[in-house]
Amino acid sequence: SENIYILGIESSCDDTAASVICNGKVLSNVVANQKIHEAYGGVVPELASRAHQQNIVPVVDQALKKANISKNELHAVAFTRGPGLLGSLLVGTSFAKSLAFGLQIPLIEVNHMQAHILAHFIEEEGYNKPPFPFLAMTISGGHTQIVKVSNYFDMDVIGETIDDAVGEAYDKSGKILGLGYPAGPEIDKLAKLGNPKAFKFTKPKVDGLNFSFSGLKTAILYFVQNETKNNPNFIEDNINDICASIQYTIIGILIDKLKIAVKQTGIKHIAIGGGVSANSGIRQALKDGENKFGWTTYVPKFEYTTDNAAMIAIVGYLKYLNNDFSENKITASARLKI
Ligand code: KG4
Ligand code: ZN
């Protein structure tokens, strides 16, 4: 049968990414990270869209080169329509529309949150895909969701954050502690050296399967301010224990909600995605859940969990097989829902 080549383009936040996949297998997966935001301790939207404009042509070019195909061999162009930063989305959307129009091939819109989940269906040697129905937990700097996935395009959000994302909780806590941005990986590393029960932070009370992380950040701020009054070196003296305690609290919040979701739905297959899924504590807690609660957990390759274009391309491929194409007048949508 014919080889189907799909180009995926992702530009929803601060990474400009392009990928070519063939029949669901990744041929190239190029990401240009925007270092510029580090100095600001968070993503600056205006700078992000400007950087996307600089990066998009070379990134797509590289993705085609690495895949060793010409643009004329593409069957469709898939792009992130939303959700995300509007100025960032506009760059990828406009580029994808122009390219598909120029090549006279189908254009395929992709929901970024669906893509994080469908990244599990990228064809990878030795990777067991989750069977339907499964629960997907997407945790990153921009998102915190639990989704019931009944089929590729039959998904229900059953829980999400009402304020900050879990990655934001890591990054904002890190800022309070004087760590660099993004702070998640650093907190994870230091947490391994500390006592998770050294300090206690209360978990937020949020109904059902929803999350809240803004209170935790404030609790940490007050705690650190208070302790620093007695000991100006409190942070340096206790950095490992502080990080371990923060990590313990955050993981507790996530696992508590997952347990409720499993109980409510009767579904024990759990697939995770988003940059925070790199966290060693979360991975360990999910593994423990396999023995303790009979869960089966699915964790894709790291490069498919953070923002990337291979996940956009795989959704493009699945939609291509369904002849599910977009009209050329389509526009980006910052608040697109699953
Ligand atoms: O998916 P991602 O690359 O971008 C989006 O936010 O969409 O996720 C980045 C987030 C940041 O908040 C970063 O601090 C967090 O993922 N992160 C981690 C770890 N690695 C990345 N958080 C906790 N532990 C980690 N090991
Ligand atoms: Zn994302």
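Visitor: Where is Asp-171 found, and what makes Asp-171 count as buried?
Guide: In this predicted model, Asp-171 is part of helix H4, residues 166-176. The cut-off for buried is 20 or more other C-beta atoms within 10 Å; Asp-171 has 23 such neighbours, so Asp-171 counts as buried. Among the residues Asp-171 touches, leaving out those up to four places away in sequence, are Gly-141, Tyr-181 and Gly-184.

Visitor: Why does Thr-138 count as buried?
Guide: Thr-138 has 30 C-beta neighbours inside 10 Å, against a cut-off of 20 or more, so Thr-138 counts as buried. Thr-138 lies in strand S6, residues 134-139.

Visitor: Which residues does UniProt list for "binding site"?
Guide: The unreviewed UniProt entry lists several, including Thr-138, Gly-141, Asp-171 and Gly-184.

Visitor: Why is strand S1 said to be largely enclosed by the rest of the structure?
Guide: Six of the six residues of S1, residues 5-10, are buried, so the strand is largely enclosed. One side carries Tyr-5, Leu-7 and Ile-9, the other Ile-6, Gly-8 and Glu-10, and both faces are covered.

Visitor: What makes S1 and S2 paired strands, and in which sense do they pair?
Guide: Pairing needs at least two bridges; S1 and S2 (residues 15-22) have six, in the antiparallel sense. Tyr-5 stands opposite Cys-22, and four residues lie between the two strands of this hairpin.

Visitor: How do you know that S1 also pairs with S4?
Guide: S1 and S4 (residues 76-82) share four bridges in the parallel sense, where at least two are required. Gly-8 has Ala-78 as its bridge partner in S4.

Key
Residues numbered from 1 in each chain as written. Chains lettered and ligands numbered in written order. Predicted model: local features only at pLDDT ≥ 70, side-chain atom pairs only at ≥ 80, totals over all residues. Buried ≥ 20, exposed ≤ 12 C-beta atoms within 10 Å, placed from the backbone. UniProt positions renumbered as here; feature names shortened; annotations may be inferred. Contact = placed C-beta atoms within 7 Å.
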